[in-house]
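Let's take a friendly walk through a protein model. Have a look at the sequence and the structure first, and then we will go through some details together.

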Amino acid sequence: MGEGKNKWRLDEELHSDDCTGGRADSPAWSPNGKRIAFFASSPSGKEGFSRLNKPWDLYLMDPETLELEKIVKGVSSAHSPTWSPNNQWIAYIEEGMGILLVSAKGGKPKYISKMPAQELAWSPNGDELAFRVQSDPSSIEDFSSKIFIMDVSELSK
């Protein structure tokens with residue numbers, strides 16, 4: 001899988017010492033089934049875990065033609081792309097930075113929360129976004145979480 005000369009091996013294990021290819025992660029189907037959003041990084045030339053520092057890009061892929069469109073460049077530690085019910089917006093988490101929202105047509109993502117979210121879910125009408133936040137993310141002993149609901153009706157227009 002890949003874009004131009006950039007290829008992603010989906011069958012290589014992360015811990016492999018000879019794994020220098022790009023990475024693809026967090027696929028999410030659009031509600032209408034016409035596109036798949038996912039994060040990927042191109043080959044870094046580095047081996048094993050040292051390749052993890054390469055920035056991610058957010059891609060959209062047509063599942064029938066496998067054509068790719070890069071809509072966000074150079075994010076770090078991003079995951080959980082989540083489509084709005086109307087297929088117009090994608091919310092995602094940038095680890096330790098917060099939640100971002102980007103148009104499915106591309107453009108500059110905007111932060112909608114600086115809270116360290118761990119999971120995202122749109123309301124059925126697309127007016128709200130629910131997310132989970134661990135009470136003390138620095139503690140390995142505190143497993144309590146809180147669910148927040150954010151009104152995004154004005155942000156996603």
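Which backbone nitrogen does the side chain of serine 103 reach? That of lysine 105, at 3.1 Å. Keep in mind as you read that this is a predicted model. Serine 103 lies in strand E9, which covers residues 98-103, and it counts as buried because its relative accessibility is 19%, while buried means under 20%.

Next, salt bridges. Side chains of opposite charge can pair when their charged atoms come close. How many salt bridges does a search of the whole structure find? The search finds two, and here they are:

| Salt bridge | N to O distance |
|---|---|
| Lysine 70 and aspartate 57 | 3.5 Å |
| Arginine 132 and glutamate 119 | 2.9 Å |

Lysine 70 is partly exposed at 32% relative accessibility, whereas aspartate 57 is buried at 13%. Arginine 132 is partly exposed, with a relative accessible area of 24%, and glutamate 119 is partly exposed too, at 43%.

Strand E6 (residues 68-75) also holds valine 72. Valine 72 is buried, with a relative accessible area of 4%. Between valine 72 and valine 102 there are 8.2 Å in space, C-alpha to C-alpha, and the two are 30 residues apart in sequence.

Finally, look at the surface. Asp127, Glu128, Asp151 and Glu154 form a patch of negative charge there. One of them, glutamate 128, belongs to strand E12 (residues 128-134) and is partly exposed at 37% relative accessibility.

Definitions and conventions: Residues are numbered from 1 along each chain as its sequence is written. This is a predicted model: local features need pLDDT of at least 70, side-chain atom pairs count only at pLDDT 80 or more; totals for chains, interfaces and linings use all residues. Side-chain values use heavy atoms; hydrogens and water are left out. Patches are made of residues with over 30% relative accessible area and no salt bridge: like charges are joined within 9 Å, nonpolar side chains (Val, Leu, Ile, Met, Phe, Trp, Tyr) within 5 Å. Accessible areas come from the Shrake-Rupley method with a 1.4 Å probe; for residues, only the protein chains shown count as cover. A salt bridge is a side-chain nitrogen of Lys or Arg within 4 Å of a carboxyl oxygen of Asp or Glu. Lys and Arg count as positive and Asp and Glu as negative; His and the chain ends are not counted. The place of a charge is taken as NZ of Lys, CZ of Arg, CG of Asp or CD of Glu. Helices (H or I, at least four residues) and strands (E, at least two) are DSSP runs, numbered from the N terminus. Buried means under 20% relative accessible area, exposed over 50%, partly exposed in between (1.4 Å probe, protein chains only). A polar contact is a pair of N or O atoms within 3.5 Å; within protein, one must be able to donate a hydrogen and the other to accept it, and residues adjacent in sequence count only if both atoms are side-chain atoms.
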